[in-house]
Amino acid sequence: MELISENKVFGGIHQRYKHQSISNNCDMTFAIFLPKTVDINCKLPVLYWLSGLTCTDENFMQKAGVFKYASEHGIAIVAPDTSPRGEDVADDENGSYDFGLGAGFYLNATQAPYASHYKMYDYITVELPKLIESHFPVSNKKAISGHSMGGHGALTIGLKNSNQYASISAFAPITNPMGCPWGVKAFTGYLGEDESLWAQYDASKILLENTIDRKIPIKIDQGSDDVFLTEQLKPEVLLNAAKTTGYDIDYQLHNGYDHSYFFISSFIEQHIQFHAQYLKA
């Protein structure tokens, strides 16, 4: 790993690293925050944060205001990039923001030319945790959270790997990508026309399949003034699926809030508190 930068914040250390990813077949960047600990032998639980369209590891770490709360609860934060990157990595031919670079959708692509690099599902679930647990003072106790496309990633990854994560949370997640323009475009490009493959990365479909190993705690916050709420996010689809299968989700709709990091920073403390109770159980 190559250290890119390091900053002290709230008594802990924020670092950015670059490393060669086997899953994505390119260099990947991630950020990690390690709160100050009194016990040098202490291994910290980890919250993995997945960001949304156009973002990198930097958006959440610089804008969410999470460090104070992570320090208070003794939780490490890991924020990966949102897609593979590099000169050899395929991008949308029109350079659109919602597909290709910055828009990996946390899945394993099967279609050329994306299949050779876009393996974000494997990267998040296997490669990155192994790397983090091998090089930093953390345990294998982990939770997962995210925003928008990253909320989609947190929900699908957490539900499909419920024995690996203590809890899931999301801000304004894409809950039914099979039924929204962002998801249809991404799934068609990355996975082709086979909708049975799409369903493997749709949180609402995963809930309806009712094959989850355990009912992992889920918290979702959504702003009522989010411009993407009706067309892209569709939380009612996920909530109806949860009701059908008897899955309790802590869903909160907040009046007047939008899709931005102003919204995330307003409620990130509650999300850290939510995860802390399960990470430390």
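1. In this predicted model, a salt bridge joins the side chains of Asp57 and Arg16, with an N to O distance of 2.7 Å. The two partners come from distant parts of the chain: Asp57 belongs to helix H1 (residues 57-63) and Arg16 to strand E2, and 41 residues separate them. Both Asp57 and Arg16 are buried.

2. The structure holds nine salt bridges. Salt bridges with shared partners join Arg16, Asp57 and Glu58 into one network.

3. Lys18 and Glu2 also meet through their side chains in a salt bridge, at 3.7 Å from N to O. This pair likewise links distant parts of the chain, since Lys18 lies in strand E2 (residues 12-21) and Glu2 in strand E1 (residues 2-9), 16 residues apart. Lys18 has a relative accessible area of 30% and is partly exposed; Glu2, at 44%, is also partly exposed.

4. A further salt bridge forms between Asp221 and Lys219, whose closest N and O atoms are 3.4 Å apart. Asp221 counts as buried because its relative accessibility is 2%, and Lys219 counts as buried because its value is 8%.

5. Thr29 deserves a separate comment. This residue is placed in strand E3 (residues 26-34). Thr29 is buried because its relative accessible area is 16%, and the cut-off for a buried residue is under 20%. Leaving aside residues up to four places away in sequence, Thr29 touches Ile4, Arg16, Tyr17, Lys18, Asp57, Pro80 and Asp81. Among these contacts are Arg16 and Asp57, the two partners of the salt bridge in the opening point.

How values were computed: Residues are numbered from 1 along each chain as its sequence is written. This is a predicted model: local features need pLDDT of at least 70, side-chain atom pairs count only at pLDDT 80 or more; totals for chains, interfaces and linings use all residues. Side-chain values use heavy atoms; hydrogens and water are left out. Helices (H or I, at least four residues) and strands (E, at least two) are DSSP runs, numbered from the N terminus. Buried means under 20% relative accessible area, exposed over 50%, partly exposed in between (1.4 Å probe, protein chains only). Contact means heavy atoms within 4.5 Å. A salt bridge is a side-chain nitrogen of Lys or Arg within 4 Å of a carboxyl oxygen of Asp or Glu.
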